[in-house]
Amino acid sequence: MNLFKKLIHPALITLAFIGFSTQVQAADDGAKVVYHVDFKDPTRYSATLTSINNIMNFYENELLEPDVHLVFVGYGLRFTTDDALKDTPYAHDKALLERRDELKGRLEALMNVRGVKVHLCDKTRDEVGLAKSKVYKGIELAPSGVAKIAILQSEGYAYLKIQ
């Protein structure tokens, strides 16, 4: 019986350690997220910003390094500029104008304080003739927003889109 304890005890410790390290690795892999914004509703966009803040809080509380990206495509362009986008499908409306400063401030805080990486589809920007200088500071231009999302997903990023 004593031999049994000598053999089993170290094996159980080893299995427990392997199980723990697998859980840590899985959690660490999950700290990579890409959010997709291609809609025009300011309330839905606000919910996206809240979700990003919540996921950042969760990962930081778990002592994980969050790697969060936000990609704007199509109507998402509305949330990346103060330009009215007049005479385009993405023109600002009353609902957006009422909340623009608040939403811009929240986005800037996520970028500048929380380290969220933000991308705008350059194809969308170019389509409406918006000057690069009119895009909020800190937003990177991606040649194709959907390609950027696909590339991030192929690198293990979880895809999230708020409904």
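**Salt bridges, sheet and helices**

User: How far apart are Glu102 and Arg106 in helix α3?

Analyst: Glu102 and Arg106 are four residues apart in helix α3, so about one helical turn separates them. One note before going on: this is a predicted model.

User: Noted. What do the side chains of Glu102 and Arg106 do?

Analyst: They meet in a salt bridge, at 3.1 Å from N to O. In general, side chains of opposite charge can pair when their charged atoms come close.

User: Are those two buried or exposed, or partly exposed?

Analyst: Glu102 counts as partly exposed because its relative accessible area is 35%. Arg106 is also partly exposed, at 24% relative accessibility.

User: How many salt bridges does a search of the whole structure find?

Analyst: The search finds 11. One of them is between Arg114 and Glu60, where the closest N and O atoms are 2.6 Å apart.

User: Where do Arg114 and Glu60 sit in the chain?

Analyst: Arg114 is in the loop between α3 (94–112) and β3 (117–121), while Glu60 is in helix α2 (residues 42–61). The two are 54 residues apart, and the pair links distant parts of the chain.

User: Why does Arg114 count as buried?

Analyst: Its relative accessibility is 19%, and buried means under 20%, so Arg114 falls below the cut-off. Glu60 has a relative accessible area of 34%, so it is partly exposed.

User: What meets Asp93 in a salt bridge?

Analyst: The side chain of Arg78 does, at 3.2 Å from N to O. Asp93 and Arg78 both lie in the loop between β2 (67–72) and α3, so this pair ties together parts that are 15 residues apart in sequence.

User: And how accessible are Asp93 and Arg78?

Analyst: Asp93 is partly exposed, at 31% relative accessibility. Arg78 is buried, with a relative accessible area of 2%.

User: Changing topic. In what order do the strands of the sheet come?

Analyst: Five strands form an open sheet in the order β4-β3-β2-β1-β5, with parallel pairing. β4 (140–142) and β5 (158–160) stand at the edges, and each has a single partner strand, so one side of each lacks a neighbour in the sheet. From one strand to the next, the twist averages 30°.

User: How many bridges join β2 to β3?

Analyst: Four bridges join them, and the two strands run parallel. As one example, Phe72 has Leu120 in β3 as its bridge partner.

User: Which strands does α2 touch where it packs on the sheet?

Analyst: α2 touches β1 (32–37), β2 and β5. The direction of α2 makes about 175° with that of β1.

User: How do the axes of α2 and α3 cross?

Analyst: Two packed helices are described by the angle between their axes and the distance between the axes. Here the axes come within 10 Å and cross at roughly 15°. Angles under 35 degrees count as roughly parallel, so α2 is roughly parallel to α3. The crossing is left-handed.

User: Which residues make the contact?

Analyst: From α2, they include Tyr45, Leu49 and Ile52. From α3, they include Leu103, Leu107 and Leu110.

User: What is His119 in contact with, leaving aside its neighbours within four places in sequence?

Analyst: His119 is in contact with His69, Leu70, Val71, Phe72, Ile139, Glu140, Ala142 and Lys148. Phe72 is the residue mentioned above as the bridge partner of Leu120.

User: Last one. What is the phi of Leu63?

Analyst: Leu63 has a positive phi of about 60°, although it is not a glycine. Its place is in the loop between α2 and β2, and it counts as exposed at 77% relative accessibility.

User: And what about the phi of Asp87?

Analyst: Asp87 has a positive phi of about 65°, and it is not a glycine either. Asp87 is found in the loop between β2 and α3. At 77% relative accessibility, Asp87 counts as exposed.

Methods: Residues are numbered from 1 along each chain as its sequence is written. This is a predicted model: local features need pLDDT of at least 70, side-chain atom pairs count only at pLDDT 80 or more; totals for chains, interfaces and linings use all residues. Side-chain values use heavy atoms; hydrogens and water are left out. A salt bridge is a side-chain nitrogen of Lys or Arg within 4 Å of a carboxyl oxygen of Asp or Glu. Buried means under 20% relative accessible area, exposed over 50%, partly exposed in between (1.4 Å probe, protein chains only). Two strands pair if DSSP finds at least two bridges between them. Axes are lines fitted to C-alpha atoms, for helices over the stretch in contact, and angles run from 0 to 180 degrees between N-to-C directions. Contact means heavy atoms within 4.5 Å. Angles under 35 degrees count as roughly parallel, over 145 as roughly antiparallel, 65 to 115 as roughly perpendicular and the rest as oblique. A crossing is left-handed if the near helix is turned anticlockwise from the far one by less than a right angle, and right-handed if clockwise.
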